Amino acid sequence: MNRKSFINQSGRWIMLGAMAYLTGHIFFRRKVSASGKYVWQIDPYKCNQCGRCATQCVRAVSAVKCVHAFQLCGYCDLCGGYFKPNTLNLTTGAENRLCPTGALTRKFVEEPFFEYTIDEDLCNGCGKCVKGCSSFGNGSLQLQIRHNLCQNCNECSIARLCPSDAISRVPVESAYQIKGDFKNPAVKETR
Amino acid sequence: MVILIWLGAFSILPAQQRFPKPEFRTDYTQPAPTTPESRATAMEFLDVAVLLAVMSLTAWFAIRKRSRKGILVLTIVSIIYFGFYKKGCICPIGSIQNVVLALANPGYSLPLYVLLLFLLPLVFSLLFGRVFCGAACPLGAIQDLLIFKPITIAPWLRKTLGIFPYIYLGLAVLFAATGTEFIICRYDPFIGIYRTHGPYLMILLGIAFLLTGLFVARPYCRFLCPYGALLNITSRFSWKHLSVYPTHCIECKLCTTACPFEAIDFPDSVRERPETRKSARRFILFFILIPVLMAAGGWIGSRSHVYLSRAHHTVALAELLISHPELRNDTDNLDIQTFLASGKSLETLAAEAQVIRDKFRTGGWILGAFLGLVIGFMTLNQLIYRRKEDYQANKGACYSCARCLDYCPVE
């Protein structure tokens, strides 16, 4: 064996050793999850509806949508998320509605209750309805990252700019942080 | 942790439940919010398998089959699969940061497939050279297809620009370890093109790189890619590597015109050999200089930690609030207004910022020393005269694209 191939070989083994050490170190500290995966989620109780979700997502229409935690909804006629403040006549005319894209629609259930649903194709994640609902209602509307739309970027560009640090990586086993019901309104992590 | 979140939520909530739970008289049932699933984790392992297959085939085409055509097909496969289908994340280049984050942050455990994405190209480079860059990397592949009229770059300029990948790598590790951000992903120039949408600047950057790439072959790979910096080192010790000629070299120089990356070293017959004693003295001098360079780099790095730490939003916010207290009244500044509404005191924020800044001070030392070491070794490398009998691919710089193989008349 000449000098050149000796250097070559020892270098290779040193590099392989370094990689093995790194892998072993990560494994030993139980820092690897075999089936694990991380996805991005908004903590609805940290979110303050600043509106950056609508503009900062890498997707042309944000992957953040308004999600309705029906179990927490009061089914009000005068909905703070549906109507603009100080609206006098509660008609479904566009001039009265808070949602700029008309994504939030309502349906009469029974006197005096209305069901509110979100058309995700129209929703742009601006959070205006969420703000209205949190300020005047039960806060059953919330913003959330939808995994069928999210590109799962290695770094979420909204998370970087979120002023309240509400967006973080969560394990895929609890992929959705949706608000709970009246008894336990805290975040219910669902798959 | 869960209890804390629950308690925190409970303290806010009584104020939020302004209206009672409706009691329906009709048989109306409340719908549940839909939760569409993300891409299955099994699919991520499929990516790993495809990566493994593409790299194995590239190695076979480059070393055994000696076929440029085969590698070209694999390049297109990578662009379609890793680029347009998978749309980027997570790629081995970005996975550097995930590995660093797993080491630095106790709350983050590395998914196995990310670890595999990080390790496999490195292991392959130790075996067969940079076959990952050759065809499997979607960032390299798109640049490789758009080489139009490559110009020759003067060696001094090429080597000087070659320092940038190490700076980028060092900064990326520093920012990932301090939990600041993933700069490799943020400034990835081609992902916007693969996704056909993205931030305006990202797309512009991608187009600029592709246009430059028409004349300066693979500009991102050669002068910026941080993973390329790692592969450059490991590939030098590769077990088997693409060889320009199948049996013997006839010194026709055709391969050097074929290679757009100037990755082919010239033989002794056309190089001037430096005077032995003089070069030995210079070698020793520069060898002694390495610790000096490291110390100097470390000092500069630690001095610049204040500027570097401003990339972290907590530090930036604390600095802004302390230096411009009048901004508290600026209702348009979302970050400041959110901070004020959160009820956290400025002292807490400043203390948090100080902890992060201290991390940057330590990180600055390490970053500077690392860069000093790299510069030292790069200079030292220039002083070593390596005997070469014929035209050979430079193992560190060669991407195993196999262009030279078609040009070699000895077949």
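Select helix α2 (residues 41-65) and helix α5 (residues 112-128) of chain B: their axes come within 10 Å and cross at roughly 10°. Angles under 35 degrees count as roughly parallel, so α2(B) is roughly parallel to α5(B). Keep in mind that this is a predicted model.

Now show the side chains of the contact. On α2(B), pick Glu44(B), Phe45(B), Val48(B), Leu51(B), Leu52(B), Met55(B), Ala59(B) and Ile63(B). On α5(B), pick Tyr113(B), Leu116(B), Leu117(B), Leu120(B), Pro121(B), Phe124(B) and Phe128(B). Colour them by type: 14 are nonpolar, none is polar and one is charged.

Next, the cores. The largest nonpolar core has 136 residues. Select Cys66(A), Cys129(A) and Ala172(B), which touch the most other members. Then return to α5(B): this helix supplies the largest share of the core, 10 residues.

Centre on Ala172(B). Setting aside neighbours within four places in sequence, Ala172(B) is in contact with Ile96(B), Gln97(B), Ile183(B), Ile184(B) and Pro226(B).

Move on to a second, separate core of five residues. Among its members are Leu317(B), Ala318(B), Phe339(B) and Ala353(B).

Finally, zoom out to the whole of chain B. Colour by secondary structure: there are 21 helices and three strands. The C-alpha atoms fill a box of roughly 90 × 60 × 35 Å along the principal axes. Colour by burial next: of the 411 residues of chain B, 40% count as buried. Last, draw the contacts with a separation of 6 or more in chain B; residues 24 or more positions apart account for 83% of them.

Technical notes: Residues numbered from 1 in each chain as written. Chains lettered and ligands numbered in written order. Predicted model: local features only at pLDDT ≥ 70, side-chain atom pairs only at ≥ 80, totals over all residues. Axes fitted to C-alpha atoms, helices over the stretch in contact; angles between N-to-C directions. Helix = DSSP H or I, 4+ residues; strand = E, 2+ residues; numbered from the N terminus. Parallel < 35°, antiparallel > 145°, perpendicular 65-115°, else oblique. Contact = placed C-beta atoms within 7 Å. Nonpolar A, V, L, I, M, F, W, Y, C, P; charged D, E, K, R; others polar. Buried ≥ 20, exposed ≤ 12 C-beta atoms within 10 Å, placed from the backbone. Core = buried A, V, L, I, M, F, W, Y, C linked by C-beta atoms within 7 Å.
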